[in-house]
Amino acid sequence: MKSKFMCSLPWIHSSIQPTGMSTVCCEADHTDMKSYAYDHNEAGGIEVLSLANNTMADMINSENYKHIRREMMQGNVPSACMTCFKTEQAGGTSKRQTHRTLSIDELTQTHDDGTITPDIEILELRLGNTCNLRCRTCNAESSSLWVNDYFELHKTLDFVGNYNELHKIRKHLVRDWFLDENFYKSLSDKITNLKELHISGGEPWLIRQHTEMLKFVPDDTIISYHTNLNYDKETIMFMYNQLKDHKNVVINCSIDSIGDKLTYIRNPLNWDKAIENLNTIISLFPNTVICQTVSVLNFLDIDELYTYFKNNNITNRHYLNFADSPAYMSPYLIDSNIRKKTIDNLKQILPHDLVEPLNRYYNDIQHSSSTLTQFKQYTAGLDKIRNEQFGGMFPVLKDILWN
Ligand code: SF4
């Protein structure tokens, strides 16, 4: 057996999308379903599997997952894994290299056709698209509150989202798997060695059925959530009671800006409510982390949130996440010289670990004028639907983008 390009993830990991479909990992190439769990149907076409119709075991031993594992065992680079291969060729460190290697036992127990006994160590579960926010950086695929806006926008803007396509695929999905307690119970014998459980949505704290699985997640598993701060205190207390006996719980709270700008970006999240909930969560979960998504909308003002936290003695770890897709929400729309000046200024204000990742924008890359036109059309369309006004909320950014 050659082992030039082995990666443990196709053996030990599953990344579940809101539709219940599974990919070998989030880094893999998702185009043409290359990284998805699928079988072939009798007509020779691709039949993508989903938890709506299939079991986790079906997906882990789907034809494509077995093919990816076989390719690796034969010393080939699966087409789904070209991102890692290219990163390594360019001298970088790939996601593949940051995960553990497979044991000899795991390899010898793998059947020649790539079949394995499911034993998941890292599980990413996106619990459907049920959500109570419709963030400008999000879409209908990930938020149910976005769906009406999507159909309204889509009447005139065909570049916005992919929900129509997913909707076609969804037609053959037979159940809302994430609402079904039996689904969570069915995982019990497949996650006895679970090391990391990452749960997001939609808004996962709205899907209480999922806590059924917390009963059999091993005590020392790292359990991390991405949550949006838009609920009542009873929801927080419910989640606290489900999680209080687990040792390693990390709550990533998404918050991108301050005051009315927060509501504009993460509609209809109210600033006072978000801060009240954040403080409650911090008081209950020592390992609460702030996740700020950086887009074209808040790039010029990233420091405002940090300054608020500093002035109010909120010292939890704070990190940045980047909205580069879709391209029309990316900071690359802003003129490169202005971006560099902004980052130079931010270096005077923000701690090194927070500002350093912004260097990804410290270059001459510039999105095209057609992408900027898409931003303007998208923004004007949503403003009309939501009765909001970009220019009034972000006057400096408007001057920059319109000149
Ligand atoms: S090689 Fe890279 S892309 Fe492929 S499964 Fe591993 S981490 Fe993901």
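Guide: Let's start with a term: a strand here is a DSSP run of E with at least two residues. Please keep in mind that the model above is predicted.

Visitor: Thanks! Where is the place of Ile223?

Guide: Ile223 belongs to strand β7, which covers residues 222-227.

Visitor: What makes Ile223 count as buried?

Guide: A residue needs 20 or more other C-beta atoms within 10 Å of its own to be called buried. Ile223 has 20 C-beta neighbours inside 10 Å, so Ile223 counts as buried.

Visitor: Which residues does Ile223 touch?

Guide: Leaving out residues up to four places away in sequence, Ile223 touches Leu197, Val217, Leu243, His246, Asn248 and Val249. Ser62, in contrast, is 27 Å from Ile223, C-alpha to C-alpha, and the two are 161 residues apart in sequence.

Visitor: On to the helices. What shows that the span of helix α15 agrees with the value it should have?

Guide: Helix α15 runs over residues 369-386, which makes 18 residues. At 1.5 Å a residue it should span 26 Å, and its end C-alpha atoms are 25 Å apart, so the two agree.

Visitor: Which residues of α15 are buried, and what puts them on one side?

Guide: The buried ones are Gln374, Phe375, Thr379 and Leu382. They cover an arc of only 125° around the axis, which means that they sit on the same side of α15.

Visitor: Which residues of α6 are buried, and what puts them on the same side?

Guide: Asp149, Tyr150 and Leu153 are the buried residues of α6. They cover an arc of only 105° around the axis, so they are on the same side of α6.

Visitor: What about α13: which residues are buried, and which are exposed?

Guide: In α13 the buried residues are Arg339, Thr342 and Ile343. Their arc around the axis is only 100°, which puts them on the same side of α13. The face turned away from that buried side carries the exposed Asn337, Lys341, Asp344 and Gln348.

Visitor: How many residues surround the ligand, and which are the closest?

Guide: The ligand is surrounded by 14 residues, the closest being Cys7, Cys25, Cys81, Cys84 and Arg96. By class, nine of the shell are nonpolar, two polar and three charged. Helices α1 (9-12) and α4 (82-89) each supply at least two residues of this shell.

Conventions: Residues are numbered from 1 along each chain as its sequence is written. This is a predicted model: local features need pLDDT of at least 70, side-chain atom pairs count only at pLDDT 80 or more; totals for chains, interfaces and linings use all residues. Helices (H or I, at least four residues) and strands (E, at least two) are DSSP runs, numbered from the N terminus. The expected span of a helix is 1.5 Å times one less than its number of residues. A residue is buried if 20 or more other C-beta atoms lie within 10 Å of its own, exposed if 12 or fewer, and partly exposed in between; C-beta atoms are placed from the backbone. The arc is that of the directions from the helix axis to the C-beta atoms. A residue is near a molecule or strand if its C-beta atom, placed from the backbone, lies within 6 Å of it. Ala, Val, Leu, Ile, Met, Phe, Trp, Tyr, Cys and Pro count as nonpolar, Asp, Glu, Lys and Arg as charged, and the others, Gly among them, as polar. Two residues are in contact if their C-beta atoms, placed from the backbone, lie within 7 Å.
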